[in-house]
Amino acid sequence: MTVFYWQHIDPWWAAAAMALMLVGIGLIYRAWRWQKHSGLWPGWLLLALSLTGWTVAGGLWIGLPTGISVLMLLVIIWIAWQGQWPTQATAVNGDTALANRKGAASDRRAVCLRLLTAFPLAAVFALTVTLVLAQAVAAGADRVFTERLAVTLIWAACAVWACTATRPQQPAIVMAAASAAAVLILLLMR
Amino acid sequence: MAVLSKPDAKPDARFFRQMLSGHSLLGLTAAFLMYVICVSGTLAVFYKEFWRWEQATATVETMEVNGNRIERAVQNALDELGTTPDSIGIDMPTSDWPRMAISYGDQRRHVALDGSLEGDVQRPWMSFLARLHFALNLPLELGVVIVGIFGVLLTALVVSGFLAHPGILRDAFAWRLHRSRQLQQTDLHNRLSVWAAPFHLLIAITGAILGLAGAISLVSALLLPADESAPAAAEEPASLQRSEAQPLPDFDAIWANFTTRFPDDGVFYLTLTDPMTASQRVELSAIKPDRLYWSQGYQYAADGSFLGAVGGAQASVGGQMQSSLYRLHFGHFGGMPVKILFLLLGATTCVVTATGVNIWLAKRRQRKLPADTIDRLWQVSLWGTLALIPFSAALSLAMAIPPVPVFWAGMLLMALVAWKSGTPAQWAAYLKLASALATFAVPLVHSVRFGSAAWQGGGLVINLLWLALALAWSLFYLLTVDRNIPRLSAGDVAGH
């Protein structure tokens, strides 16, 4: 009696969508490899069409994520297939290809400050600011999900900012001040 | 080949350098644990098949369900328990776990075709692997939150990775594995991370939300006034509380009603609340074939009449999205083909993590900075993880040795030895070989223990997976090992 999903994906639509996907990848690759500009936008359009085909094949909930997964894997296979692999003659070693990059965060104190800002402080900032902003969303499951998604995205964005800001103190000060303000608002709301 | 980016565009070099530096800092902060989470998560996509594999001969595998089987199982559980619990749960057969198991008190037992109770459901190795993935084998309250933080970190890494690479479109298909090691690793890292970015973001964001949900709710409860719209727990009327014993629900009528009313839905769990009381109810949790949310609940009264649907489509948009995170994260929304896709895409996450650190090590070498100790430890982390996971499975199957100490003590021991001895190339070579041998050993041990059952049903899927991995590691070992590396000697181990 128990059913599973795969049989609910129409194989003909899926096959057609996959064919479109391959042509689309081929056009984009052609544009990249041989500078055939004309194929670039049709390529992306075909990929969009193929995802539409996957949606028809299996619905928005199942077909679309399946199509996106297939697309990612097909492109990676395509890249590996067309790539330049090592041979006996070309097996060169010795890391001479890239120029030396300076500018890594060598100062330990700056690194510590960045990490402290990126994790504990950004977490506090994301939580408190989200809780204030989420008050605008209707209560219940919608608010709960909004809070969880927003905390994740805001925290991630703040972590990137903390680790890449030219002056590490800047994000730390902004996040600390905003967190304090948000906590104050939350306490007033109680 | 620069058609995808404007050739005259001059990006701000300082911006990209700063982004790259931040990306490296974020990645190096957590590389080892991130890698362990990725590897264990990639395998855990097949967790239901692993459950069957671990107890290959424990019970009959059949999709046959009827009211009589359910009723007898519930009656047997109540007889054994001696008291009436608040609820009894039954795992129903599904296509990826075609067994029935009943949970009562702190027991979980398989159910035979006639409803009699069989042995306990035991899955020590899969529990280890799952907990390694979602809690790093730490206490759940702490471990789940830590892994959630890794989800945030992975999200930040994907975003900063895109911002750090000005030539990401120019090099869209570049795959120059015949060039220097640094360029090989850079191409692998960048191509896989760009083209699999939707998958990486999906896994990272859903993982972060699942991991941090409890902590966020706790902080929300502490800082916000109580949610007045939340329904208060209904108090049972005194007349219904523990009145005289009632007969069990009419499972035949419930099952017949359900299969007629919802023929496409797949039930995976049955809950009987307040059994044998006047308020007893049955809820069937089902997978809807065209939806991602975890379950659609259908409630039935004891006499078999349908009371209504709960959760699933009845939930708000936010509730449906929250409930859909699990199937999206696990890759459980398209049967075996999507599981295989998630296995392969999960492998790209592992490769991206590994190559990220490899690039950083190659750059250190280029700058003449010391890298050998870190490189040795990194090789132990990479290949030690791939060797110890199957090694723990083989020991668990063969001698019931708990996998948690095998994995973590083994990792610690290797790290201590690698701290002072050998070279990175030696550690990589020996551990690649050890990974291949340990992975080959698992289906071998499984076959010895379970005989022909090892190559049927869930056992077949998992043993084929082990064999495929073992072949992959063997090929990787044969293709990449440097035949001229000296052997690890006693002197190496005594002190480098």
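Tutor: Let's begin with chain A, whose pattern along the sequence reads α-α-α-α-α. That makes five helices and zero strands, where helices (H or I, at least four residues) and strands (E, at least two) are DSSP runs, numbered from the N terminus. Keep in mind that this is a predicted model, in which local features need pLDDT of at least 70 and side-chain atom pairs count only at pLDDT 80 or more, while totals for chains, interfaces and linings use all residues. Residues are numbered from 1 along each chain as its sequence is written, chains are lettered from A and ligands numbered from 1 in the order in which they are written, and side-chain values use heavy atoms, leaving out hydrogens and water.

Of the 190 residues in chain A, 43% count as buried (under 20% relative accessible area; exposed is over 50% and partly exposed in between, with a 1.4 Å probe and protein chains only). Looking at contacts (heavy atoms within 4.5 Å) in chain A between residues at least 6 apart in sequence, 68% join residues at least 24 apart.

Now for the partner: 80 residues of chain A are in contact with 107 residues of chain B. The two chains bury about 8,200 Å² between them, with 72% of that on carbon and sulfur atoms; buried area is the accessible area (1.4 Å probe) that two parts lose on being put together, summed over both. On the side of chain A that touches chain B, two or more residues come from each of α1 (11-34), α2, α3 (108-133), α4 (141-164) and α5 (169-189). Helix α2(A) gives the largest share of that side, 17 residues.

Next, look inside. Phe173(B) shows how the chains meet: leaving aside neighbours within four places in sequence, Phe173(B) is in contact with residues including Ile25(A), Trp32(A), Val75(A), Trp78(A) and Trp195(B).

What about charged pairs? Across the interface of chain A and chain B there are zero salt bridges (a side-chain nitrogen of Lys or Arg within 4 Å of a carboxyl oxygen of Asp or Glu), although the count over all chains is 14. One of them joins Glu49(B) to Lys339(B), with the closest N and O atoms 2.8 Å apart. Glu49(B) sits in helix α3 (residues 47-54) of chain B and Lys339(B) in helix α11 (residues 335-366) of chain B, so this pair ties together parts 290 residues apart in sequence. Both partners are buried: Glu49(B) has a relative accessible area of 2%, and Lys339(B) has 1%.

In another bridge, Glu61(B) meets Arg52(B) at 2.9 Å, N to O. Here Glu61(B) is partly exposed at 33%, whereas Arg52(B) is buried at 8%. Asp375(B) and Arg365(B) also pair, at 3.0 Å; Asp375(B) is buried at 8%, while Arg365(B) is partly exposed at 32%. Finally, salt bridges that share partners join Lys48(B), Glu49(B), Asp96(B) and Lys339(B) into one network.
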